[in-house]
Amino acid sequence: LLFAGGGACVMAVAAVDDYAVYFCGIMAGLPLIAMSAPLVTEIWRQNIPDLQRGYLYSSVSERSSLGGLAASVALALWIGDDLTRYRPAFAVFGLCMLGSAYCIAKIPSRALERPRRHPWSGLAWLWKDRTFGYVCITWMLIGVANLAILPLRTEYVANPSKEVGLGYGPWLVLLLIQIVPGISRYISAHFWGRWFDRANFIVLRIVLNLLFGINMLLFFRDDL
């Protein structure tokens, strides 16, 4: 339902040429899609053996990376310098979300137990299990920081002012912002998947956080 609702909102953005519809559709649709992540995780937990979960998910991640690369290039070719051509792109995105909703509905799953208390009672584990709480907090901080600098990355490599940016052209910006990270995810997916199946999750998360931090520091150092 979350994927279907998000897809319907995105389809509304594609169908109606109005800024109010665009704003409301994006503000409603993208959070619905994002909220589906815990439920998709639970579907994986119910249907995939523990010792194969990382490996199989890495296979899906590889294909997702290739699809993302192809979609990025296709979107750049389609829109070019004309931002008014975004609506067909949103239509395709919405159709993909509706297709995802159909596919997910076909996956076997068991209904989750209703919480005995209020829905936020699970947050108590943040202080009941200190290690889990520390991991969640650092994960959240790194995640927020990474999301916050995503638009700054594009601004940094594309801004023509040499005082604040590098002034690269659109295709080089696409290469640095989308294609290189996508290829890196594709190449490393199996490694991380295998490690997830065999290593301590806390250690794995610490290593990933360190790599995220190093990436954020090095990206904006053009003097290296």
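## A buried arginine

In this predicted model, R205 has a relative accessible area of 8%, and this residue is therefore classed as buried, the cut-off being under 20%. R205 belongs to helix 9, which spans residues 201–219.

When neighbours within four places in sequence are set aside, the contacts of R205 are with V135, W139 and F212.

## Cysteines

A disulfide is a covalent bond between the sulfur atoms of two cysteines. The structure holds zero disulfides. For C96, which takes part in no disulfide, the nearest cysteine sulfur belongs to C103 and is 10 Å away; a pair of sulfur atoms would have to be within 2.5 Å to count.

C96 has a relative accessibility of 42% and so counts as partly exposed, a class that lies between 20% and 50%. C136, with a relative accessibility of 24%, is likewise partly exposed.

## The second largest pocket

The second largest pocket holds about 1200 Å³ of space. Its lining comprises 28 residues, of which A71, S72, L75, A76 and I79 are the closest to the centre of the pocket. Two or more lining residues come from each of helix 2 (19–35), helix 4 (53–79), helix 5 (86–105) and helix 8 (170–198).

Which helix gives the most to the lining of this pocket? Helix 5 does, with nine residues. By residue class, the lining of the second largest pocket consists of 23 nonpolar residues, four polar residues and one charged residue.

Conventions. Residues numbered from 1 in each chain as written. Predicted model: local features only at pLDDT ≥ 70, side-chain atom pairs only at ≥ 80, totals over all residues. Heavy atoms only, no water. Helix = DSSP H or I, 4+ residues; strand = E, 2+ residues; numbered from the N terminus. Buried < 20%, exposed > 50% of the residue type's maximum accessible area, 1.4 Å probe, protein only. Contact = heavy atoms within 4.5 Å. 1 Å grid on protein atoms, 1.4 Å probe; cavity = no way out; pocket = protein on both sides within 12 Å on 5 of 7 lines; lining within 4 Å. Points joined across faces, edges and corners; volume = space filled by probe spheres on them. Nonpolar A, V, L, I, M, F, W, Y, C, P; charged D, E, K, R; others polar.
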